Amino acid sequence: MKIKLLSLFIETFIALCSISSISHSADITYSFPVQPVDRRAFSSGGHTYPGIDIFGKQDSIFVAPVSGVIEDLQRDDEWERKANDPEKKGGRWVSLLGDDGFRYYGSHLESIALGLQISQRVQSGEVLGYLGNSGNAKDTPIHLHFGISSAATPYTWQTRRGEIEPYPF
């Protein structure tokens with residue numbers, strides 16, 4: 001039963017995401033955060049906090065899931081295996097404050113889009129970076145760690161990485 005429900009969810013989600021953007025109202029348009037979309041490429045679990053890993057190919061891009069403002073970003077991969085600082089595990093990452101009141105975070109990037117800056121306004125579907133395996137993902141396949149949190153919560157690395165389980169969406 002659990003497998004059938006998961007399969008139904010995945011098929012429904014993929015059908016909705018078969019187009020790159022989905023408009024939920026006149027004001028908010030959402031985009032699946034990894035392009036191109038591959039229905040077999042994401043999984044939940046494996047984390048001690050809400051978040052998902054969306055796998056992709058070398059040329060896959062991380063796009064703004066919604067229009068908003070770049071809150072913070074990290075262009076350099078500062079994670080070191082020996083130190084294993086949890087704040088640096090994401091490697092290269094981007095944090096976006098969405099117009100919908102949520103914070104969106106994508107990490108383990110190979111690189112961040114050229115010219116992308118803190119406080120810059122971006123549109124849903126705009127390129128933020130390129131999938132990779134930076135940070136503590138050096139020994140894993142190329143992917144995006146994707147987290148969602150409330151923009152109302154204090155900005156810390158713990159909230160940035162995810163407070164709301166994105167998998168159901």
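Start with the largest nonpolar core, which has 24 residues. A nonpolar core here is a set of buried Ala, Val, Leu, Ile, Met, Phe, Trp, Tyr and Cys residues joined through side-chain atoms within 4.5 Å. Buried means under 20% relative accessible area, exposed over 50%, and partly exposed in between (1.4 Å probe, protein chains only). Select Phe62, Ile70, Val94, Leu116, Leu128 and Phe146: these have the most contacts inside the core. Now colour the strands. Strand 5 (52-55), strand 7 (68-74), strand 8 (93-98), strand 10, strand 12 and strand 13 (143-150) each supply at least two core residues. Strand 13 gives the largest share, 3 residues.

This is a predicted model: local features need pLDDT of at least 70, side-chain atom pairs count only at pLDDT 80 or more, and totals for chains, interfaces and linings use all residues. Residues are numbered from 1 along each chain as its sequence is written, and side-chain values use heavy atoms, with hydrogens and water left out.

**The whole chain**

Zoom out. The protein chain has 2 helices and 13 strands. Both are DSSP runs, numbered from the N terminus: helices are H or I with at least four residues, strands are E with at least two. Of the 169 residues, 41% count as buried. Contact means heavy atoms within 4.5 Å. Among contacts with a separation of 6 or more, 66% are between residues 24 or more positions apart.

Select phenylalanine 62, in strand 6. Its relative accessibility is 1%, so phenylalanine 62 counts as buried. Show what surrounds it. Beyond four places in sequence, phenylalanine 62 is in contact with residues including Pro33, Val94, Tyr105, Leu109, Leu128, Leu144 and Phe146. Next, pick the C-alpha atoms of phenylalanine 62 and valine 34. They are separated by 4.8 Å, though the residues are 28 apart along the chain.

Move to isoleucine 70. Setting aside residues up to four places away, isoleucine 70 touches Val94, Leu96, Leu116, Ile118, Val122 and Leu128, among others.

Strands of a sheet pair through backbone hydrogen bonds, either parallel or antiparallel. Two strands count as paired if DSSP finds at least two bridges between them. Find the open sheet of 4 strands, ordered 3-6-12-10, with antiparallel pairing. Which strands are at its edges? They are strand 3 (34-35) and strand 10, each pairing on one side only.

Step through the pairs. Strand 6 (residues 61-63) meets strand 12 (residues 127-131) over 3 antiparallel bridges. Here valine 63 stands opposite valine 127, and isoleucine 61 has tyrosine 130 as its bridge partner. On to strand 10 (residues 109-112), which pairs with strand 12 in the antiparallel sense, also over 3 bridges. Select isoleucine 112; its bridge partner in strand 12 is glycine 129.

**Strand 9 and its partners**

Now select strand 9 (residues 102-107). Of its 6 residues, 5 are buried. Strand 8 pairs with strand 9 over 5 antiparallel bridges; valine 94 has glycine 106 as its partner. The hairpin of these two strands has 3 residues between them, and glycine 101 takes a positive phi near 90° there. Strand 9 is also joined to strand 13 by 6 antiparallel bridges. Tyrosine 105 stands opposite glycine 147 in strand 13.

**Salt bridges**

How many salt bridges does the structure hold? There are 3, each a side-chain nitrogen of Lys or Arg within 4 Å of a carboxyl oxygen of Asp or Glu.

- Arginine 103 with glutamate 71: the closest N and O atoms are 2.7 Å apart. The pair links strand 9 and strand 7, 32 residues apart. Arginine 103 is buried, at 2% relative accessibility.
- Lysine 138 with aspartate 77: 2.5 Å, N to O. Lysine 138 is in the loop between strand 12 and strand 13, aspartate 77 in the loop between strand 7 and strand 8, 61 residues apart.
- Aspartate 99 with arginine 121: 2.5 Å, N to O.

**Last stop: serine 134**

Select serine 134, in the loop between strand 12 and strand 13. Serine 134 is at 4% relative accessibility, so it counts as buried. A polar atom of its side chain lies 2.9 Å from the backbone oxygen of leucine 109. Beyond four places in sequence, serine 134 contacts Asp77, Lys89, Gly90, Gly91, Arg92, His108 and Leu109.

Technical notes: Polar contact = N/O pair within 3.5 Å; in protein donor to acceptor, adjacent residues only side chain to side chain.
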